[in-house]
Amino acid sequence: MVLHLRRLNAFRFKMVTSRFLLFALLSFFVFSGVNAQSKSAKSVLAAESARFSAMTRGDTLALQTMLADDLVYVHSNALTENNSQHLRAIASRKLVYQSMERQDARVRFYGKTALVNGILKVSGILNGNAFDVKLLYVAVYRKKRTNWKLVHWQSTKVP
């Protein structure tokens with residue numbers, strides 16, 4: 001009887017130990033995935049912040065490396081530009097971004113594509129007219145090698 005109880009207790013100990021190890025391994029993989037995703041999200045948001053900074057500086061050389069060749073940029077006033085039109089508008093100072101302050105953003109991933117939904121406060125000058133708007137935006141980024149490039153931008157004014 002004592003031998004039977006010892007075997008039963010040893011079996012229970014193995015079961016508890018096995019369950020604990022399984023739980024620990026699963027936790028490791030789940031939390032590793034969360035950290036990897038948050039690292040990726042931070043990477044996309046850092047690229048977006050760098051792009052906003054280049055736009056406010058009017059630095060079209062830096063912007064060229066951040067924008068996809070097939071960029072479609074839809075402003076909140078429905079003005080739609082491709083890559084070269086967007087860069088030309090900034091270089092000519094037809095469009096001057098004075099400040100761009102992201103207030104909120106959420107990143108989702110689909111393979112090498114990242115979709116950002118956010119809120120952005122923007123002030124600047126368009127064709128000599130000052131503007132100060134709060135925007136809801138969607139930005140689509142595609143990863144090329146190690147860089148996130150903007151493929152599509154669309155924004156809507158918040159009333």
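Visitor: In this predicted model, how many bridges join S3 to S4?

Guide: The model is predicted, not experimental. S3 and S4 run antiparallel. The count of bridges joining them is 14.

Visitor: Which residue in the turn between S3 and S4 has a positive phi?

Guide: S3 and S4 form a hairpin, with two residues between them. Tyr110 stands opposite Thr113 in S4. In the turn, a positive phi of about 65° belongs to Gly111.

Visitor: Ser123 makes a polar contact through its side chain; with which residue?

Guide: Ser123 sits in strand S4. Leaving aside neighbours within four places in sequence, its contacts include Val96, Tyr97, Gln98 and Ser99, and also Phe131 and Asp132. The side-chain polar contact spans 2.7 Å, and the partner is Ser99.

Visitor: Is Ser123 buried or exposed?

Guide: Its relative accessibility is 15%. The cut-off for buried is under 20%. Ser123 falls below that cut-off, so it counts as buried.

Visitor: What is the relative accessibility of Glu48?

Guide: Glu48 lies in helix H1, residues 2–57. Beyond four places in sequence, Glu48 touches Arg102, Val116, Tyr137, Ala139, Tyr141 and Trp153. Glu48 counts as buried, with a relative accessibility of 0%.

Visitor: How far apart in space are Leu71 and Asn82, C-alpha to C-alpha?

Guide: Leu71 lies in strand S1, residues 67–74. Leu71 counts as buried, at 2% relative accessibility. Residues it touches, beyond four places in sequence, include Asn82, His86 and Leu150. Leu71 and Asn82 are eleven residues apart in sequence, yet their C-alpha distance is 5.4 Å.

Visitor: How much space lies in the largest pocket?

Guide: Strands S3, S4, S5 and S6 each supply at least two residues of its lining. The lining has 20 residues, and those closest to the pocket centre are His75, Ser76, Asn77, Phe131 and Val133. The space in this pocket is about 280 Å³.

Visitor: How many nonpolar residues does the lining of the largest pocket have?

Guide: Sort the lining by class. Four residues are polar and three are charged. The nonpolar residues number 13.

Notes: Residues numbered from 1 in each chain as written. Predicted model: local features only at pLDDT ≥ 70, side-chain atom pairs only at ≥ 80, totals over all residues. Heavy atoms only, no water. 1 Å grid on protein atoms, 1.4 Å probe; cavity = no way out; pocket = protein on both sides within 12 Å on 5 of 7 lines; lining within 4 Å. Points joined across faces, edges and corners; volume = space filled by probe spheres on them. Helix = DSSP H or I, 4+ residues; strand = E, 2+ residues; numbered from the N terminus. Nonpolar A, V, L, I, M, F, W, Y, C, P; charged D, E, K, R; others polar. Buried < 20%, exposed > 50% of the residue type's maximum accessible area, 1.4 Å probe, protein only. Contact = heavy atoms within 4.5 Å. Polar contact = N/O pair within 3.5 Å; in protein donor to acceptor, adjacent residues only side chain to side chain. Pairing = 2+ DSSP bridges.
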